[in-house]
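Open the model in your viewer and keep the selection tool ready.

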Amino acid sequence: MKNIKYIILSSVALIATISCSDDFVDVEPANPASDNYFNTEQDYQDALVGAYDLLQTTYQNVLLGEIASDNTLCGGESATDVPGFQQIDDMIHTSSNSQLRAIWGWMFAGVNRANFILEFQDNIDFDGKENILAQARFLRAYYYFELVKWFGDVPLVVDKRILFGEQNDLDRTPKEAVYAQIELDLIYAIDNLPYTQTQVGRITKGSAEALLGKAYLYQDKFGAAALVLENLIDNGPHDLVTDYTTLFENDNENNIESVFEVQYTDQEGAGFECLQCSEGNVAVGFNGIRNYNGPLFDSGFSFNVPTQEAVDEFESDDPRFETAILDIEAWAASTGATFGTGYEHTGYYNRKYIARKGDSNIGDQNLTNPNNYRAIRFADVLLMAAEALNRGSIADDRAQNYLNRVRQRAFGDMNHDVTVSGTALTEAIYHERRVELVGEGHRFFDLVRTGRAAQEIDGFIAGKHELFPIPQIEIELTGNRWAQNPGY
């Protein structure tokens, strides 16, 4: 059972009303019009849950953050199974890609729901309103951060909804200005949120500090990133979970290492006709073992299969491997499990996010898995701080310390500590991010922001594939006023 359940709220949907002169049809609507909605604290709380809801659609951002990288191959049943995934894997995606249009639409839906609250933030006053507004501003920052990562310059709209028809006047905003708004939103959230919320799963001060540090890092603002991340490390409530093997199990969610976690549940079923309606983690079913029959795991669609190169990145005695990567041949040999093979079968699966037995299997079982997504872990915070300190030429000794905290948890000793500095330390941090965070959706964007994507990803064209194309339909809706991203 999740502590905060995201739902789509019909009461905060945009409602069109038609005025008629006849008395017998001139009646009050069953639901309040949006302009008259925010009259109680509960109205703000309900709208905030609606803004949280779109976080669940980021399962696709995570899935494609791996598939686009050198960590995994697309997989699936065949070369034509979900063509949009296959195209991104092969770096032949275009502006008509359905999955990219979904990411654009779902993230802007999240922006709009957060802006809905902020548009009416001054309607009434009540104790704790700043906490609600801070959560809304974090959510707007999170959705805009995803949009900037994927598409670069995007329309920036603040404290008002984007209504149909306004696309005729909206222009794409330079990403520097979008980042500036992200920073403002997160600073407000930091100033108005506690480190511990009364309801588990809600955004905290630590969530905002971590995302702000990440936004700074993506802009190479190393000093600012180090400052905010080290404050979280020194003063926040987070630490590394002692036993890495338990970190991604369903009974160990929202633990001390979780800085920001997207909540999922298996208590409400879904189907393929509306993937964004699922309250479960859709990526888990897509990652799952094809035609599996055996202990511990449920079957799935065999997408996002790890490459041999990703496997070989692990040091031979790194115990994290068996938690991160499932060697299905070895598992079957030891347990008697059976399985099928799909397209681009590598023999490996993303063990962190494949279906476990024991959930309710309501609706389509592959779409309603309850596995939470650990969007920002404390290990990631430590590694981001290490990178900022090192790449910013600030303090390699502190960078080593943060890096080695992650390695000491992994290996259980200090014999694997890193003692190098300078560019050698940079490479050590890059290595550690790959093996510590494999399967968690960060790899493609790590390669892009550090300028290594062209040398690591097959088919990647420098000057083009750093960004994904703006969906063509969105350009057409503006009257073809927007320029497409370079190369598309």
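Start with a term. On a 1 Å grid over the protein atoms alone, a cavity is a set of points where a 1.4 Å probe fits but cannot get out; a pocket is an open set with protein on both sides within 12 Å along at least five of seven lines; lining residues have an atom within 4 Å of a point. Grid points are joined across faces, edges and corners, and a volume is the space filled by probe spheres set on the points.

This is a predicted model, where local features need pLDDT of at least 70 and side-chain atom pairs count only at pLDDT 80 or more, while totals for chains, interfaces and linings use all residues. Residues are numbered from 1 along each chain as its sequence is written, and side-chain values use heavy atoms, leaving out hydrogens and water.

**Stop 1: the second largest cavity**

Helices (H or I, at least four residues) and strands (E, at least two) are DSSP runs, numbered from the N terminus. Helix α2 supplies the largest share, four residues. By class, seven lining residues are nonpolar, six polar and one charged. Here Ala, Val, Leu, Ile, Met, Phe, Trp, Tyr, Cys and Pro count as nonpolar, Asp, Glu, Lys and Arg as charged, and the others, Gly among them, as polar.

**Stop 2: helix α2**

Now select residues 59-67. Is this helix mostly covered or uncovered? It is mostly covered: nine of its nine residues are buried. Buried means under 20% relative accessible area, exposed over 50%, and partly exposed in between (1.4 Å probe, protein chains only). The buried residues include Y59, V62 and I67.

**Stop 3: the largest cavity**

Select Y142, E146, K149, K214 and Y373. These lie nearest the centre of the largest cavity, which is lined by 15 residues. Elements that give two or more residues to this lining are α2, α5 (129-151), α7 (205-218) and β8 (373-377). Its volume is about 140 Å³. Helix α5 gives the largest share, four residues. The lining has eight nonpolar, four polar and three charged residues. In total, the structure holds three cavities of 30 Å³ or more.

**Stop 4: the second largest pocket**

Select V200, T204, H238, N254 and S258. They lie nearest the centre of the second largest pocket, which has 19 lining residues. This pocket has a volume of about 330 Å³. Strand β2 (residues 258-262) gives the largest share of the lining, four residues. Six lining residues are nonpolar, 11 polar and two charged.

Stay on N254. It sits in the loop between α8 (222-235) and β2. N254 is not a glycine, yet its phi is positive, about 55°. N254 is partly exposed, with a relative accessible area of 25%.

**Stop 5: L296**

Select L296, in the loop between β3 (289-290) and β4 (299-300). Its phi is also positive, near 75°. L296 is partly exposed, at 37% relative accessible area.

**Last stop: the whole chain**

Zoom out. The chain has 18 helices and eight strands. Its C-alpha trace spans about 80 × 50 × 45 Å along its principal axes. Of its 488 residues, 59% are buried.
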